[in-house]
Amino acid sequence: MKLTKSTWAVAGAALVLIACGGGGDGDQASRVTFSSMVTFGDSLSDLGTYKVGTVAALGGGKYTINSSTDKNWTELLAAQLKVPALCPAQKGLDGSAGQGFSVPVVSYSGCTSYAQGGARVTNPVGPGNKLLGGGNAVLGQLTVPVVTQVANHLTTTGGAFSGKELVTVMAGGNDGIIAAETYVGTMQAITIGSGAPAAAAASPSLIAAANTSMTTAGTELADLIKTQLVAKGAKYVLVVNLPNLGVTPYATAEETKIAGSRAIIANFSAAFNTALQAGLANTPNVRIVDAYSIITDQVANPVQYSLTNVSSPACNLTSPSPNPLGSSLVCNASNTNTGDVSHYLFADSVHGTPYAYQLLAQLVAKDMAVVGWL
């Protein structure tokens, strides 16, 4: 039942980000009375799209250290805003029936957490989707892209937002890691074929192509927010930009394959964010949270954020035992690494621990307060 490392490096990708260290969830009253929260994105906002079949049986469902009390940052924020609890808008899997990963897809009326592990901005085939073949076909993530998530919500609301919701958007991680996988994989193939250790001549064109793809994805997300959220009546749109993928354990592993990969992967994130920022410039009703800068500082200065480890996963990802999928999707107290992992940054190579989600919720609340939304 083990999936390939490449599959799980990107499954539901996105990475965790954190800000102001320590503290609880907060209980201050909101200066804006929100009716609800609507969330779009990938695994960092996914509340259990794949918590079915074998994933549920293994004690998993979210990309973190799963437990009966763990909460995603969007759940923590919803509780602070005193809006109805969030629930996944869709659940199911389209993978191997023999291994318990073929579960009919069900949509849930009234649930407004649309984020899904593996989701990209517009491409419907994200990491973990069966159409990618190989290990991806075992799990069969749905990977409904953000553009379709938004369309699905508008279908249920008559084509518009009420203007009373807090809408959160966090995406781009899967586009970024696919770009990284493409770059590193191609460089490895060139290196092996040439017999040379560097194959540096191929790098500029490959990097340029990846940066272009990330610029396109960032622009697409900005256009989606303007035309399908703000133009459709959303008055409170909180966008979390793409964290620095170059500081993750995933990027560290890629560095061992092709030297210089960490810096190049960081640039992919920056290209996405530059396009997103430019595309949303002067757009009313939108607040961008700078996750890229925060996570970069978190890794550089962990003590300031009460983090005890920012380089190693909290979960023991050894497959098939103790982690059959080699992912935080099925990580829980039974298969974490030895010792106190409660203040680790990463649950696996890219996803966050419950503590990281708590800090992310605090970061978002802080930014909301700056603009008078909290």
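Contact here means heavy atoms within 4.5 Å, and this is the sense in which residues are said to touch in the report that follows.

## The model and its overall build

This is a predicted model, in which local features need pLDDT of at least 70 and side-chain atom pairs count only at pLDDT 80 or more, whereas totals for chains, interfaces and linings use all residues. Residues are numbered from 1 along each chain as its sequence is written, and side-chain values use heavy atoms, with hydrogens and water left out.

The protein chain has eleven helices and six strands, where helices (H or I, at least four residues) and strands (E, at least two) are DSSP runs, numbered from the N terminus. Of the 374 residues in the protein chain, 56% are buried; buried means under 20% relative accessible area, exposed means over 50%, and partly exposed lies in between, with a 1.4 Å probe and protein chains only. The accessible surface of the protein chain comes to about 13,700 Å², and carbon and sulfur atoms account for 56% of that surface; the areas come from the Shrake-Rupley method with a 1.4 Å probe, and for residues only the protein chains shown count as cover. Among contacts between residues at least 6 apart in sequence, 79% join residues at least 24 apart.

## The nonpolar cores

In soluble globular proteins, nonpolar side chains tend to be buried together. A nonpolar core is taken here as a set of buried Ala, Val, Leu, Ile, Met, Phe, Trp, Tyr and Cys residues joined through side-chain atoms within 4.5 Å. The largest such core holds 45 residues, and the members that touch the most other members are Phe-40, Leu-221, Ile-225, Leu-229, Val-237 and Val-239. Helix H7 (residues 203-230) gives the largest share of this core, nine residues.

Which residues does Phe-40 touch, not counting residues up to four places away in sequence? Among them are Tyr-114, Ala-115, Val-146, Gln-149, Val-150 and His-153, and the list also includes Phe-161, Val-167, Thr-168, Val-169, Met-170 and Leu-229. A second, separate core of 27 residues includes Phe-34, Leu-81, Ala-361 and Leu-363.

## Two disulfides

The structure holds two disulfides, a disulfide being a pair of cysteine sulfur atoms within 2.5 Å. One of the two joins Cys-87 to Cys-111, with an S to S distance of 2.0 Å. This pair links distant parts of the chain, 24 residues apart, since Cys-87 is in the loop between helix H3 (73-81) and strand E2 (90-94), while Cys-111 is in the loop between strand E3 (102-107) and helix H4 (136-139). The torsion about their S-S bond is about -100°, so the disulfide is left-handed. Cys-87 is partly exposed, at a relative accessible area of 24%, whereas Cys-111, at 11%, is buried.

In the other disulfide, the sulfur atoms of Cys-315 and Cys-331 are 2.1 Å apart. Cys-315 and Cys-331 are 16 residues apart, and each is in the loop between helix H10 (291-300) and helix H11 (354-370). Here too the torsion about the S-S bond is about -100°, so the disulfide of Cys-315 and Cys-331 is left-handed. Both of these cysteines are buried. When the bonded cysteines of the protein chain are numbered in sequence order, the pairing is 1-2, 3-4.

## Backbone details in the loops

The loop between H10 and H11 also contains Pro-320 and Pro-322. A cis peptide bond joins Ser-319 and Pro-320, with omega about 5°, and the peptide bond from Ser-321 to Pro-322 is likewise cis, with omega near 10°.

Positive phi values are found in residues other than glycine at Lys-82, where phi is near 60°, and at Thr-143, where phi is near 50°. Lys-82 is in the loop between H3 and E2 and counts as exposed at 62% relative accessibility. Thr-143 is in the loop between H4 and helix H5 (146-156) and counts as buried at 0% relative accessibility.

## Helix H11

The expected span of a helix is 1.5 Å times one less than its number of residues. For the 17 residues of H11 the span should be 24 Å, and the end C-alpha atoms are 25 Å apart, which agrees. H11 is mostly covered, with 13 of its 17 residues buried. Just after H11, Gly-372 takes a positive phi of about 80°.
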